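The sequence and structure are shown first, and the description follows.

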Amino acid sequence: MSIYDFTVQKQDGTDQSMRDFQGQVLLIVNTATGCGLAPQYKELQELYDSYKDKGFVVLDFPCNQFLNQAPGSAEEINQTCSLNYGTSFPRFAKVTVNGAGASPLYRYLKREKSTVLGGRIEWNFTKFLVDRQGRVVKRYLPTTSPLKLKEDIEHFLEK
């Protein structure tokens with residue numbers, strides 16, 4: 001099994017195969033516009049702008065599971081992200097990342113890279129780095145600045 005075996009829901013409700021991202025380095029992030037970590041959107045966009053032409057993409061999965069910090073509609077979330085942070089990377093439908101209703105993609109990500117706390121996602125802006133072969137290679141804490149991932153991203157872009 002790899003990341004490419006999953007299908008995710010786009011914001012318009014249609015399905016998108018993760019195979020569409022095959023051969024790229026992915027940074028998968030559960031986000032929330034009302035979170036205190038939301039300024040990370042700017043850094044995520046900076047990474048995306050710096051490396052998208054080399055085969056890197058940020059995949060944004062809004063999640064309202066932590067203190068109701070992503071309560072808006074897809075349109076409201078997009079407006080906030082565009083106006084406040086200038087984001088242009090792909091954004092998907094809201095997901096649940098923990099518990100019985102967790103999305104299959106997030107169940108897989110957590111199985112591949114759990115932490116000392118177990119597989120649970122700790123908070124908004126947990127980040128997973130996936131190499132060009134679809135392997136989950138790193139997991140980063142919500143508080144890890146996206147810009148601190150540059151060296152890892154560059155390493156996996158070169159492979």
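## Helices H1 and H2

In this predicted model, helix H1 (residues 40-51) and helix H2 (residues 74-85) have axes that come within 10 Å and cross at roughly 75°. Angles of 65 to 115 degrees count as roughly perpendicular, so H1 and H2 are roughly perpendicular to each other.

H1 contributes Tyr41, Lys42 and Gln45 to the contact, and H2 contributes Cys81, Asn84 and Tyr85. By class, the residues of this contact are three nonpolar, two polar and one charged.

## The sheet

Four strands form an open sheet in the order S4-S3-S5-S6, and their pairing is mixed. Strand S4 (56-62) and strand S6 (136-140) are the edge strands, each pairing on one side only. From one strand to the next, the twist averages 20°.

Strand S3 (residues 25-31) and S4 run parallel and are joined by seven bridges. Across this pair, Val29 stands opposite Asp60 in S4.

## Helix H4

Helix H4 (residues 150-158) has Asp152, Ile153, Phe156 and Leu157 buried. Seen down the axis of H4, the buried residues fall within an arc of 135°, so they line one face of the helix. The exposed residues Glu151 and Glu158 are on the face of H4 turned away from its buried side.

What do the buried residues of H4 pack against? Their partners are H1 and the strands S3, S4, S5 (127-130) and S6.

Technical notes:
Residues are numbered from 1 along each chain as its sequence is written. This is a predicted model: local features need pLDDT of at least 70, side-chain atom pairs count only at pLDDT 80 or more; totals for chains, interfaces and linings use all residues. Side-chain values use heavy atoms; hydrogens and water are left out. Two strands pair if DSSP finds at least two bridges between them. Helices (H or I, at least four residues) and strands (E, at least two) are DSSP runs, numbered from the N terminus. Axes are lines fitted to C-alpha atoms, for helices over the stretch in contact, and angles run from 0 to 180 degrees between N-to-C directions. Angles under 35 degrees count as roughly parallel, over 145 as roughly antiparallel, 65 to 115 as roughly perpendicular and the rest as oblique. Contact means heavy atoms within 4.5 Å. Ala, Val, Leu, Ile, Met, Phe, Trp, Tyr, Cys and Pro count as nonpolar, Asp, Glu, Lys and Arg as charged, and the others, Gly among them, as polar. Buried means under 20% relative accessible area, exposed over 50%, partly exposed in between (1.4 Å probe, protein chains only). The arc is that of the directions from the helix axis to the C-beta atoms.
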